[in-house]
Amino acid sequence: MAVQLRYPDGAVVGHAEGVTGVEVAASIGPRLAQAAVAVKVNGELRDLSRPIDEDGDFAVVTLDSEDGLHILRHSSAHVLAQAVLDLFEGATFAIGPAIEDGFYYDFAVETPFTTEDLEAIGRRIDEIIAEDQPFERVALSRLEALEAFAGHRFKTEIINGVDPGEVSGGELVTAYRNREFIDLCRGPHLPSTGRIPALRLMKTSGAYWRGDETRDQLQRIYGTAWATQKDLEGYLQRLEEAEKRDHRRLGPELDLYSFPEELGIGLAIWHPKGGMVRKLIEDHSRAMHRRYGFEYVFSPHVAKADLWHTSGHLDYFAENMYPGMQTGDDPEYRVKPMNCPFHVLIYRSRGRSYRDLPVRLSELGGVYRYEKSGVVHGLLRVRGMTQDDSHTFCTEDQIQDELNLHLRFVVNWLRDFGFEEFEADLSTRPEKAIGEPKQWEVTEKALAEALESEGIAYKVATGEGAFYGPKIDVHIRDAIGRRWQMSTIQLDFNEPERFGLEYTNAENTGERPYMIHCAKAGAIERFMAILVEHYGGAFPMWLAPVQATIVPVADRHLDYAAVVAAALEGAGLRAEVAASSDTVADKIRHALTQKHPAVLVVGDADVEDSTVGLRLYGEDSDVRGVPLVEATARLAELARAPAV
RNA sequence: GCCGGAGUAGCUCAGUGGUAGAGCAAUUCACUCGUAAUGAAUAGGCCAGGGGUUCGACUCCCCUCUCCGGCUCCA
């Protein structure tokens, strides 16, 4: 059969019969042929050695592409398993996929791997790479596969789980072999182990077989692999950078917050400086809620257990709730894990007309969740937190406008904190769901429409919605490119039903309102953690707990320093005088390590002329002799909070 | 919750069965200085907590707590 292949741009490569990927790559130049690790034919990735016997588009895959890295990491995982099987008698291997930035492989072994084991495995991997063993693709029927992996309980389970409908051409499964090592794998793989340029084992951990905590606990080894040594080093540097920004390190360093053991897991206290940042975030939150037409409400931290039965939380969320409190003859009370039932009760506190809607209620509500001890993580995952929570009740006609408004709010809120790149997930109806199909239809469409009209890139996460309604999650990228889920806009068909919410429509009959949960920051604690890491602790001036440090050159300048401080404070700035007997250099160093946005040095000349030496964070030197009036005005301008 | 690692001064860390250590921070004194560390002195410890082994335990063993890396979870 003659084959016609085209470049992705449409140009015809040529015609051939029974060509392989190697030949195709070679046809477009020796350099590319050498760099090629796979080909993509009609969008499907293939090993270089496989014949191409259909017409179509092709693209040569090189290591530095996304596909190439995926293949590299997958092949790396095989080599890792091969090394472990070489070194550890009786080790069984489970699965080993490529993941973001690397790969892992899970093993069942007698004893968990030690650091020394990891080093030995790394050395064996280097040997396997040096031996440049070719990867060979093997197509197997189910029986052949079961025979080839006889005695491998994990592989056998995988083979038996393969859906025969998924495969074509009589091949049930494929496997890849290099030397004596063989593993089930869809492929493709690198031509040989020698094509792995840079690989590093990172860490080990426990992991469950098939992610199920009731099944075998396996030992996982993580590694990373890159197209060049330089890329690997760059990756390690990014990890180092992330570590430097870690909010658990910066929090104590900048005196923002701490987690005393005396309080218990996942409970933070906020020190004055962290308290100031938090107050500014909360002030901005309140101002923005008001601007977008929300009203403030307040609710208590505990309520009768019955409330949580009505809301359904004790049915579906009980294991994340703190246990009940019982005193004397009182009924049982529970600490609130969510604010919604309270807002629902505020809605229900009187009869509602369609003329009253939408009703938008917001609260910085403190909630407590009994997170499993192993998942608590700094301020990112806590047991006690404050949510910038809101609940909106509206008619079906209002849904579109409301969702547009909520999304615009969310995006403007995130922009105010320096986040510019947004990606959203639109999560739709899961299999097990409550509510009328029409409700899902209307709201899913309205959510998509809101995303379109705000111009937010999004992907549809089919079936990923909660059982009670579809939602949008907005993700941002921080200053070093990490993705965080921030805001969420969530429909709820459950609570209006459970609490029997109604409004009277124009025909004077009762109708059920739609309910929208929305968190812009999410938990203030988590938001703070992300901000600290995003800014690396160097907050923009409007959020900085100390905005200016005044450094008197000698004690005789202390009086003038106080004058400068008063001028700054008069302009609404938060200023501190560095009054210690340290040297000027030392006081500056202190202000810089504390990441204060502005340092004002005052000496003899400044006292004489009413000036300051002004140095801003991130600049290497000062500007001398700036008139105090001018410096004050300039700093006040820099410190202005985002417009509401 | 599960697997693994770790807990020594406020912080970062030395200390392998025989009297508890350093740097930074703190305090005091001297220095009064123009842009990332002036000097000296002082103080600071139930070695996470409890139990055990031993003549003797920071050190070895057991339990608990907390933290770290993952897994799982996040209606």
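Predicted model: local features only at pLDDT ≥ 70, side-chain atom pairs only at ≥ 80, totals over all residues.
**Exercise 1.** Determine the strand order of the open sheet and identify which strands stand at its edges.

*Solution.* Step 1: the open sheet is formed by 5 strands, and reading across it gives S31-S30-S32-S33-S34, with mixed pairing. Step 2: strand S31 (575–577) and strand S34 (623–627) each have a single partner strand, so one side of each lacks a neighbour in the sheet and these two are the edges. Step 3: on average, neighbouring strands are turned by 30 degrees against each other, direction ignored.

**Exercise 2.** Describe how S33 and S34 pair, and state which strands helix H20 touches.

*Solution.* Step 1: strand S33 (residues 611–616) pairs with S34 in the antiparallel sense, over 3 bridges. Step 2: within this region, Leu614 stands opposite Val623 in S34. Step 3: helix H20 (residues 628–638) packs on the sheet, where its contacts are strand S30 (548–552), strand S32 (598–602), S33 and S34. Step 4: the direction of H20 makes about 95 degrees with that of S34.

**Exercise 3.** Identify the residues of the largest nonpolar core that touch the most other members, and list the contacts of Leu600.

*Solution.* Step 1: the largest nonpolar core has 89 residues, of which Leu414, Ile550, Val564 and Leu600 touch the most other members. Step 2: helix H13 (residues 399–416) supplies the largest share of this core, 9 residues. Step 3: leaving aside residues up to four places away in sequence, Leu600 touches Ala548, Ile550, Val551, Val564, Val612, Gly613, Leu614 and Ala631. Step 4: a second, separate core contains 52 residues, among them Leu63, Val84, Phe103 and Phe154.

Note on methods:
Residues numbered from 1 in each chain as written. Chains lettered and ligands numbered in written order. Pairing = 2+ DSSP bridges. Helix = DSSP H or I, 4+ residues; strand = E, 2+ residues; numbered from the N terminus. Axes fitted to C-alpha atoms, helices over the stretch in contact; angles between N-to-C directions. Contact = placed C-beta atoms within 7 Å. Core = buried A, V, L, I, M, F, W, Y, C linked by C-beta atoms within 7 Å. Buried ≥ 20, exposed ≤ 12 C-beta atoms within 10 Å, placed from the backbone.
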